[in-house]
Amino acid sequence: MSMEFFSSLSQNYIEILEDDEYYDITIEVGNDPNVKIFRAHMIILCYRSPFLRRILASNKKNNDNILTHIKFPNISPEIF
């Protein structure tokens with residue numbers, strides 16, 4: 001495949017990471033007052049992180065269109 005294709009694909013992934021509309025999971029990290037919520041895409045997390053894949057496998061989204069929300073209070077936002 002051409003370098004142009006990979007460059008375009010990389011740009012698409014950057015756009016996905018910055019997307020504020022089509023995310024399907026929120027991840028809350030930290031403890032008050034240092035809490036941050038990240039919006040993410042479950043499919044990307046599952047393929048990029050075996051740890052998150054295990055967590056998400058037991059916390060699947062229902063068909064009622066409610067977002068999956070997981071919490072990691074013992075991980076600081078800076079580390080996550």
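Asn-31 is placed in strand E1, where strands (E, at least two residues) and helices (H or I, at least four) are DSSP runs numbered from the N terminus. With a relative accessible area of 45%, Asn-31 is partly exposed; buried means under 20% relative accessible area, exposed means over 50%, and partly exposed lies in between (1.4 Å probe, protein chains only). Asn-31 and Pro-50 are 19 residues apart in sequence, and their C-alpha atoms are 24 Å apart in space. The structure is a predicted model, in which local features need pLDDT of at least 70 and side-chain atom pairs count only at pLDDT 80 or more, while totals for chains, interfaces and linings use all residues. Residues are numbered from 1 along each chain as its sequence is written, and side-chain values use heavy atoms, with hydrogens and water left out.

Strand E1 also holds Ile-25. Ile-25 counts as buried, at 0% relative accessibility. The C-alpha atoms of Ile-25 and Ala-40 are separated by 5.4 Å, although these residues are 15 apart along the chain. Pro-33 lies in the loop between strand E1 (25–31) and strand E2 (34–40). The peptide bond from Asp-32 to Pro-33 is cis, with omega near 0 degrees. In general, most peptide bonds are trans.

The largest pocket contains about 160 Å³ of space. On a 1 Å grid over the protein atoms alone, a pocket is an open set of points where a 1.4 Å probe fits, with protein on both sides within 12 Å along at least five of seven lines; lining residues have an atom within 4 Å of a point. Grid points are joined across faces, edges and corners, and the volume is the space filled by probe spheres set on the points. The lining of this pocket consists of Leu-17, Ile-27, Phe-38, Arg-39, Ala-40, His-41, Ile-44, Leu-45 and Phe-80. Two or more lining residues are given by E2 and by helix H2 (42–48). The largest share, three residues, comes from E2. By class, the lining has seven nonpolar residues, one polar and one charged, where Ala, Val, Leu, Ile, Met, Phe, Trp, Tyr, Cys and Pro count as nonpolar, Asp, Glu, Lys and Arg as charged, and the others, Gly among them, as polar.

Arg-39, one of the lining residues, meets Asp-20 through its side chain in a salt bridge (2.9 Å, N to O). Arg-39 lies in strand E2 and Asp-20 in the loop between helix H1 (3–18) and E1, so the pair ties together parts that are 19 residues apart in sequence. A salt bridge is a side-chain nitrogen of Lys or Arg within 4 Å of a carboxyl oxygen of Asp or Glu, and a search of the whole structure finds one. Arg-39 is partly exposed, at 43% relative accessible area, whereas Asp-20 is exposed, at 51%.

Four aromatic pairs are found in the whole structure. Rings of Phe, Tyr and Trp (its six-membered ring) pair if their centres lie within 6.5 Å; planes under 30 degrees apart count as stacked, over 60 as edge-to-face and the rest as tilted. The ring centres of Phe-51 and Phe-72 are 5.9 Å apart and the planes are at 40 degrees, so this pair is tilted. The pair links distant parts of the chain, with Phe-51 in helix H3 (residues 50–57) and Phe-72 in strand E3 (residues 68–72), 21 residues apart. Phe-51 is partly exposed, with a relative accessible area of 41%, whereas Phe-72 is buried, at 12%. Ring pairs join Phe-38, Phe-51, Phe-72 and Phe-80 into a cluster. Phe-80 is placed in the segment after E3 and is partly exposed, with a relative accessible area of 38%.
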